[in-house]
Amino acid sequence: MQNRQIADIIEEMATLMELAGDNPFKCRAFHNAARLISISTGEMSVHAEAGTLTTLKGIGKGLAPIIADLALKGTSDELSALRRSVHPGLLDMLKVEGLGPKKVRLLYEKLGINSLDTLRRAAEEGKLTGLSGFGGKSRDNILRNLALLDRYRDKRLLREAETAGESVLAAVSSLPGVTVCSLAGSIRRRMSVIGDIDVLAAAPEKTHAGIIAGFGKFQDTGRVISSGPTKSSVMLDAGIRCDLRVVTPAAYPFALQYFTGSKAHNTRLRTLAKSLGWSLNEYGFTAIGNGGTRRCRTEEDLYDALGLEYIPPELREDTGEIEAASEGTLPRRIGDGELRGTFHCHTTWSDGRNSVAEMASAARELGWEYIGIADHSKAASYAGGLSVKDVTRQIAEIEELNARMRGFRIFAGSEVDILPGGSLDWDDRTLGCFDYVVASVHSGFRMSEAEATQRIIRALKHKHVTMLGHPTGRLLLEREGYPVNVKSVIDAAADYGKIIEINANPRRLDLDWSHCRYARDRGVLISINPDAHAVAGLRDVRYGVGVARKGWLEPKDVLNTLGLTDVTARLSASRARAGR
DNA sequence: GCCGTTTTCGGCCCGACTGTTTTCAGTCG
């Protein structure tokens, strides 16, 4: 069993234990282990076979045999026992906002409620009232949140959440008293999908009530979920939840750090603070013992006070950033303007909406030195894949455009389909015509993991392939992608000296940030590609830069931080190796 | 269940908000 599945099961066990009323610290240990496994770069099965599971921090003698069973046998007696002892419908009930394990358990034990349907019926029939802890408001909330669950179940893509968040931010910044405000939470950490929008504002205390009231009256606000003196949650008309928190200007850096998270990062930070004699919360440092305080003007000051280098928001996932910050070995962050060009763009030759010339011109306006055009190959008929004749004509067009430009170059590439067996959709002669080749899977998704992985590895081995496009084929919040073993693919790319793209389209973000470090450690070069189908899509590279930063990549790990001269040399060298 | 330079017991991050059990437990982030 793979890490992702193991992590899901350990997480399920933690939740089941909560529902069973187990020791909360034991439950937390399981939650922590699930998170640890999900972000681990080493396969649990390898650790299990080597007997080294307990060398992983957070896994001890209790969890190790369970993980080993899951990794090697795919089952676990403890899991089976838990599943038998807790009604499976209770897991669904936890999704209702306001219901946690204690209340779900009470509903089950006292009223036999074990599903969303029976919960809805019981609430409608007034059967909840009288149960300890449940009054009239609880009933109304449960009914409303059950309805919300149906309507707003899905998370949102980063781009969509960020757009909505920025519009709220602009409105908040105009409220009387607000001195500074920011998006926080998972948007600021550049997560791929977003559950809710966190907005933080600093303002003098006497203006807080007015700000909270104003927030509830915004044009985009659909419904106020909860509202107190300093905190308010609303459901935006766009169907995404938005939380506003208002603090005093003195508390702002602490609150910004706190509400950016992640939860795991913050927990570690507080533990570190405690070891230094400070209690840390969203308002400041308090000296343990004498109650003294310590001011910070910025987040940088806060990290400095803990003896840490400033940790950028994208890295705050408790994946080693705190240790690196204390040793001064955090990765050098890729700057916003550090890309000098990009690859994998489409034009009207296949399914793009702009011509080669228009795409090139837009790239120049972004200050880039080059753009790589990679339209679809012939098998991608649904996407207007080119014929061999089209290829010749398109390359001629690109050469003509290049002849007219100074200080900018269009690279003639192709996004060639990786066919089901792993062969490529162009013959070698055609492949040899391009400056570079992106190989991608676009069809035949119903494969086993072994088949999908071998298919891609075989394509990577092909001498004419320069880079791999969208490695897993996932569409965030839409489809899973093919079941590829990403680590094996990265290993193959390392062996064959091939590049892997971070597809920066906000629906893809594929390679995922969690795999970037492994690629970097294996020496695999990454290309941040927008997969742009129109000029506006070129700007999507910023989402790819977010993925790269979040994945600990540095400028030297990314192909398109190279200037035109270096990139040309690099592509020429790989062409020469392929005998082109 | 995990951890440990105070290491095999005792602690494990911390606060806001809600609703209801009129002083606080549960939930959420």
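**Domains.** This is a predicted model. Begin by colouring chain A by domain: domain 1 covers 1-86, domain 2 covers 156-249, domain 3 covers 254-327 and domain 4 covers 341-577. Taken over C-alpha atoms, the centres of domain 1 and domain 3 are 29 Å apart.

**The surface near DNA strand B.** Next, select DNA strand B and the 48 residues that surround it. The closest of these are Arg28, Gly133, Gly135, Tyr258 and Arg270. Of the atoms of DNA strand B that come within 4 Å of the protein, 73% belong to sugar and phosphate. By residue class, this surface comprises 14 nonpolar, 20 polar and 14 charged residues.

Then turn to tyrosine 258, where a polar side-chain atom is 2.4 Å from a base nitrogen of DNA strand B. To see the elements that give two or more residues to this surface, highlight helices H2 (24-39), H7 (101-111), H9 (136-151) and H14 (263-275), together with strands S5 (221-227) and S8 (278-281).

Select glycine 261 and serine 262, whose connecting peptide bond is cis, with omega near -5°. Serine 262 sits in the loop between helix H13 (252-260) and H14.

**The loop between S16 and H22.** Move to leucine 511, in the loop between strand S16 (499-503) and helix H22 (513-521). The peptide bond joining aspartate 510 and leucine 511 is cis, with omega about 20°. Leucine 509 lies in the loop between S16 and H22 as well, and its phi is positive, near 45°. With a relative accessible area of 3%, leucine 509 is buried.

Select serine 527 in strand S17 (residues 526-529). Is serine 527 buried or exposed? Serine 527 counts as buried because its relative accessibility is 0%. Its side chain makes a polar contact of 2.8 Å with the side chain of asparagine 529. Residues touched by serine 527 include Phe343, Met467, Ile500 and Leu559.

Finish at aspartate 531, in the loop between S17 and helix H23 (541-550). Aspartate 531 has a positive phi of about 50° and is buried, at 6% relative accessibility.

Conventions
Residues are numbered from 1 along each chain as its sequence is written. Chains are lettered from A and ligands numbered from 1 in the order in which they are written. This is a predicted model: local features need pLDDT of at least 70, side-chain atom pairs count only at pLDDT 80 or more; totals for chains, interfaces and linings use all residues. Side-chain values use heavy atoms; hydrogens and water are left out. Domain bounds come from an automatic or database domain assignment. A residue is near a molecule or strand if one of its heavy atoms lies within 4 Å of it. A polar contact is a pair of N or O atoms within 3.5 Å; within protein, one must be able to donate a hydrogen and the other to accept it, and residues adjacent in sequence count only if both atoms are side-chain atoms. Helices (H or I, at least four residues) and strands (E, at least two) are DSSP runs, numbered from the N terminus. Ala, Val, Leu, Ile, Met, Phe, Trp, Tyr, Cys and Pro count as nonpolar, Asp, Glu, Lys and Arg as charged, and the others, Gly among them, as polar. Buried means under 20% relative accessible area, exposed over 50%, partly exposed in between (1.4 Å probe, protein chains only). Contact means heavy atoms within 4.5 Å. Lists of a residue's contacts leave out its neighbours within four places in sequence.
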